[in-house]
Amino acid sequence: MSQHRQADQKPVPRYKPYKGPAGGWGALISVAQAWLTSDNALKNLRIMLKTNQNGGFDCPGCAWGDSPEKGLVMFCENGAKAVNWEATKRRVDAAFFAKHSVSQLLEQSDYWLEYQGRLTEPMRYDAETDRYKPISWEAAFALIGNHLQGLSSPDQAEFYTSGRASNEAAYLYQLFVRAYGTNNFPDCSNMCHEASGVALAQSVGVGKGTVTFNDFEHADAIFVWGQNPGTNHPRMLEPLREAVKRGAQVVCVNPLKERGLERFQHPQHPIEMLTNGDKPTNTAYFRPALGGDMAILRGMAKFLLQWERDAQKAGEPAVFDHDFLNEHSVNVLDYLSVIDGTSWAQIVEQSGLTLVEIEQAARMYAKGKNVIMCWAMGITQHRHSVATIQEIANLMLLRGNIGRPGAGLCPVRGHSNVQGDRTMGINECPPVAFLDSLERRFKFTVPRKNGHNVVEAIHAMADGRAKVFIGLGGNFAQATPDSNRTFQALANCDLTVQISTKLNRSHLAHGKNALILPCLGRTDIDIQTEGAQAVTVEDSFSMVHSSNGQLQPLSNQMRSEPAIIAGIAAATLGSQPVDWHWLVADYSRIRDLIADTIPGFGDFNEKIRNPGGFYLGNSAAARRWATPSGRANFRPNSLPRDLVHERTRATGVLPDLIMQSMRSHDQYNTTIYGLNDRYRGVKGQRDVLFVNEADIIRLGFKPGQKADIVSIWDDGRERRVKGFTLLAFDIPAGQAAAYYPEVNPLVPLESIGDGSQTPTSKFVAIRLEAASETGLIMAKSA
Ligand SMILES: Nc1nc2c(c(=O)[nH]1)N[C@H]1C(S)=C(S)[C@@H](COP(=O)(O)OP(=O)(O)OC[C@H]3O[C@@H](n4cnc5c(=O)[nH]c(N)nc54)[C@H](O)[C@@H]3O)O[C@H]1N2
Ligand SMILES: Nc1nc2c(c(=O)[nH]1)N[C@H]1C(S)=C(S)[C@@H](COP(=O)(O)OP(=O)(O)OC[C@H]3O[C@@H](n4cnc5c(=O)[nH]c(N)nc54)[C@H](O)[C@@H]3O)O[C@H]1N2
Ligand SMILES: [Mo]
């Protein structure tokens, strides 16, 4: 049965361990299903072949880059799902909203909501009938303009951005918002790689990765920390497998045995598919405690220091890269002294690994001449994420592993243009140089005070300090922590505006006035006054390239994101400081402004004609250190004293388990494509808690039984999700895992990263309680 049809039917939950490799026939079958059930099959096949091709569109899936030289088919299973999901023929129009009240829609699952199809016309919430009703674009813009003009301060509005927005849309948006007068730019990055940006800016002077695609071919060792590329960045599996093939070390650090980090069969490789051959994607696999990565890294550094001292005594070649340290770094002695000050006992206790394992990881690191370290949400969504990422940088600096071919830092980004949006100025703490350059170019007084991030925006709306919320994409209500409080915060607003492609819970968690503004997606053809428009995006490797929509939009009532922003801006500011409508008639005019104000974008319009786009450059990769010291900084942070938060400890309740929240194979963030998680063997359900069998029994439950999950925090609020099935799973003792966004109500709004304020979605202290509802799921043996 097709996965899409499940939206209207009750699925049968099932759990059966998955034995195949990642990719392979499973992926091919899944692509075929997504394609056949998209209601647009033939058109979609044609456009899928245009994914990530020159002249085609950038995959709306993840931010992994592609080799600019390769002519391969460059989409993956989950990219195909993302494309098909967007390119549906089903429509959510006035008739749909006439049929369903908002209260009725609230009863539906996230899966059902998005499955209903593309939003096709602007709608306004009508409180009397509890329904969305059609509104003209002009009236919608006027309503927004009136609300914004009526605020006593521009800081009473929040302007959210999700990472799919193109460079052109993002630039226009930030220009409008700053001309309006605020830096309130909460964005998805605040919940994602914020810690990477903060940490790396302090360590190496630039908050982005330093490697490019080709570096993977020259690395002797690649470390993959807290990332599940088999599901979230499938195109990364090929370079990993190629690295293993040529004898490089691929070291995975992840508490779960993720299938994509074990074996991979290339679904676009005929011989491999026909012979059913698959290849390993790692040479070592370590399974840490949640939040234990910094201790592992510190342990590796401690081994390195020991070997360096041994080598000095024995007159053998040094372990550290002394030339690099002398020429390029500061603070190394402070760092070495915090290493000496960290005890082996604390390292082992916090890491969840044995000393032998940490030594093995250190040897693999020390043996490689060129090492790349990759990481994602398993590293960034902790309280001490900034310190952990700085420890990655410290370890890499010791051996000069930044700024030479085959070596470097690689925070693997999430949304396809989340990195580009930051480059364009979607930043609540904008760099002064950027503000100066806006002021020079546009001659208005740019707001200098830092704005709100996601968590601050929720507080501001909850307290009544913010009254208008505008979302450029995304699903704010569902992606954020402490869901009940976020809902309440949005409901408090005088106006909420969602610029969206698909129906989601943020349209239902609305303010007193609310608008849904339907926009074009990456796959749609975008026609403006001067003709068809391309947009541009930046991938994880700082490659900027253009993206051209290929499909006829479902309705002529949809508008492009830049056109919608221009409409809002004109209704609010008239034609100040630019003629908004003139700008969006031809996006190359926006790109000219980008070229004028953002370094690296000179001749922007020329450069994007280049097939494959252009490289923005990265100062750290060129060993230029844009830090106050002018050098790479060792950051001597201490390990956390206790991984469990003192506000959890303050309750006196001991956690039963520490839980992480993660993505299934059938979802894109809050977009749920289906109820299966193929590589983890789960079918037909999402309300599951992965727990070690011994823990299930220790806590007085049986595998397959249902439980309520309650999180532990000292503010007297109850945070509970009900009736989760306990799945006996291969997971380290004391840990649990569940799917985001179902468990977001459990993440306390105050549980955030030091220095990043990212919600700690990978570390939630929980208790299990007997559920009112009980039941066993069918546990079939393989
Ligand atoms: N198909 C698909 N692609 C996507 C997305 C999607 O939802 N679907 N989302 C996109 C976005 S926005 C992002 S940010 C990325 C997310 O990509 P990932 O970061 O891969 O996403 P998660 O599912 O959150 O996976 C986190 C991984 O970290 C591990 N982990 C959890 N806690 C720890 C820890 O303390 N230490 C270590 N070492 N590991 C830990 C988990 O077991 C899991 O394997 O993917 C992007 N691409
Ligand atoms: N517990 C927990 N919470 C998390 C995470 C976690 O791991 N655990 N991960 C966090 C991370 S890494 C991220 S990035 C955030 C994601 O947070 P968001 O980016 O806010 O969420 P998405 O689910 O990606 O947004 C999906 C919606 O975007 C809209 N959309 C899709 N394409 C387009 C487009 O082209 N244009 C416009 N305007 N709208 C579009 C659709 O209406 C769709 O419903 O969630 C965070 N929340
Ligand atoms: Mo993300």
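Is asparagine 331 buried, partly exposed or exposed? In this predicted model, asparagine 331 is partly exposed, because its relative accessible area is 34%, a value that falls between the 20% below which a residue counts as buried and the 50% above which a residue counts as exposed. Asparagine 331 sits in the loop that runs between strand S13 (329–330) and helix H15 (332–341), and its phi is near 80°, a positive value in a residue other than glycine. Most residues other than glycine have a negative phi. Aspartate 130 also has a positive phi, near 55°, and its place is in the loop between strand S5 (123–126) and strand S6 (131–134); with a relative accessible area of 17%, aspartate 130 is buried.

Two peptide bonds also deserve attention, since most peptide bonds are trans. Glutamine 576 and proline 577 are joined by a cis peptide bond with omega of about -15°, and proline 577 belongs to the loop between helix H26 (561–573) and helix H27 (580–585). A cis peptide bond likewise joins tyrosine 740 and proline 741, with omega of about 5°, and proline 741 is found in the loop between strand S32 (735–739) and strand S33 (764–770).

An oxygen atom of ligand 2 lies 2.8 Å from an N or O atom in the side chain of histidine 415, while a nitrogen atom of the ligand is 3.1 Å from an N or O atom in the side chain of arginine 663. For asparagine 744, a polar side-chain atom is 2.8 Å from a nitrogen atom of ligand 2. Taken alone, ligand 2 exposes 930 Å², and the protein buries 96% of that area.

Elsewhere, three strands form an open sheet in the order S21-S22-S23, with antiparallel pairing. Strand S21 (535–538) and strand S23 (614–615) stand at the edges, each with a single partner strand, so one side of each has no neighbour in the sheet. S21 pairs with strand S22 (residues 543–547) in the antiparallel sense over four bridges, and the bridge partner of valine 537 in S22 is histidine 545.

Finally, the structure holds zero disulfides. The cysteine sulfur nearest to that of cysteine 188 belongs to cysteine 192, 6.0 Å away, and cysteine 188 counts as buried at 10% relative accessibility.

Definitions and conventions:
Residues are numbered from 1 along each chain as its sequence is written. Chains are lettered from A and ligands numbered from 1 in the order in which they are written. This is a predicted model: local features need pLDDT of at least 70, side-chain atom pairs count only at pLDDT 80 or more; totals for chains, interfaces and linings use all residues. Side-chain values use heavy atoms; hydrogens and water are left out. A polar contact is a pair of N or O atoms within 3.5 Å; within protein, one must be able to donate a hydrogen and the other to accept it, and residues adjacent in sequence count only if both atoms are side-chain atoms. Accessible areas come from the Shrake-Rupley method with a 1.4 Å probe; for residues, only the protein chains shown count as cover. A disulfide is a pair of cysteine sulfur atoms within 2.5 Å. Buried means under 20% relative accessible area, exposed over 50%, partly exposed in between (1.4 Å probe, protein chains only). Two strands pair if DSSP finds at least two bridges between them. Helices (H or I, at least four residues) and strands (E, at least two) are DSSP runs, numbered from the N terminus.
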